[in-house]
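Please read them beside the model.

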Amino acid sequence: MNVPSGRRERKKAATRQKIADAALRLFLERGYDAVGIRDVAAEADVAVTTLFSHFASKEALVFEQDEDFEQRLTQAVTGRAPHEPLIPALRREMQALVRHCAADSAAPIWRMVDESPALREYEESMRLRHAQSLATAIAADLDLSHTTTACRTIARFVIDAHSLAREAADPEAAVDEIFRMIEAAWEVTCRSQRA
């Protein structure tokens, strides 16, 4: 019997979420380093192989929204309305992402990340990957004719805005301040491209 793809995808998503929720609960209760993959699999009532079919590593369990974060930023570039400026579209998306990550409920997670060298290293590699994806999306936009260096630089600034803002006393104000600088840099780049 063929299972409809919608149902199958919903089941996979539910299993993935169950694993992520179990991992986060255990990490916050016992500490990241005190919890093993087998502990997470047992808590989620799945096989270790099932866990690894959803998450490539233990670190990926903490950053389970990684792909969504990356997709949302590239979608801010590729899905914006015709003639909508790039930087305001990215600012809007970053504001939403920072609001989510700066919520009081996220504070224990970020403390755990800050205290773990493995998680900090994973976060840095994730940010580099996100910056590359975003730079590729910006460079592919036919309305934006900029050098690869300009696209990579703006993408890196945008990605770094997230961590800088979440560490600020007022994350949303920090995003606005950072994006004023990003917009100024983008405008200078646009003027030099036209010259």
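1. A word on terms comes first: angles under 35 degrees count as roughly parallel, over 145 as roughly antiparallel, 65 to 115 as roughly perpendicular, and the rest as oblique. Axes are lines fitted to C-alpha atoms, for helices over the stretch in contact, and angles run from 0 to 180 degrees between N-to-C directions.

2. The model is a predicted one, in which local features need pLDDT of at least 70 and side-chain atom pairs count only at pLDDT 80 or more, while totals for chains, interfaces and linings use all residues. Residues are numbered from 1 along each chain as its sequence is written, and side-chain values use heavy atoms, with hydrogens and water left out.

3. The protein chain has ten helices and zero strands, where helices (H or I, at least four residues) and strands (E, at least two) are DSSP runs numbered from the N terminus. Its C-alpha atoms fill a box of roughly 60 × 50 × 25 Å along the principal axes.

4. The axes of α5 and α6 come within 8 Å and cross at roughly 155°, and the two helices are therefore roughly antiparallel to each other. In their contact (heavy atoms within 4.5 Å), Phe69, Arg72, Leu73, Ala76 and Val77 of α5 meet Leu86, Ala89, Leu90, Glu93, Met94, Ala96 and Leu97 of α6. By class, this contact of α5 with α6 has ten nonpolar, no polar and two charged residues, with Ala, Val, Leu, Ile, Met, Phe, Trp, Tyr, Cys and Pro counted as nonpolar, Asp, Glu, Lys and Arg as charged, and the others, Gly among them, as polar.

5. α6 also packs against α9, at an angle of about 25° and with the axes 9 Å apart, which makes α6 roughly parallel to α9. From α6, Ile87, Leu90, Met94, Leu97, Val98 and Cys101 meet Ile154, Val158, His162 and Ala165 of α9; the contact of α6 with α9 comprises nine nonpolar, one polar and no charged residues.

6. For α7 and α8, the packing angle is about 100° and the axes lie 5 Å apart, so α7 is roughly perpendicular to α8. Trp110, Met112, Val113, Asp114 and Glu115 of α7 make the contact with Pro117, Leu119, Arg120 and Glu123 of α8, and these residues divide into five nonpolar, no polar and four charged.

7. The largest pocket has a volume of about 580 Å³. Of the 28 residues that line this pocket, Val62, Gln65, His100, Cys101 and Trp110 are the closest to its centre. A pocket here, on a 1 Å grid over the protein atoms alone and with a 1.4 Å probe, is an open set of points with protein on both sides within 12 Å along at least five of seven lines, and lining residues have an atom within 4 Å of a point. The volume is the space filled by probe spheres set on the points.

8. Helices that each supply at least two residues of that lining include α1 (5–30), α6 (86–101) and α9 (148–166). The lining of the largest pocket divides into 14 nonpolar, seven polar and seven charged residues.
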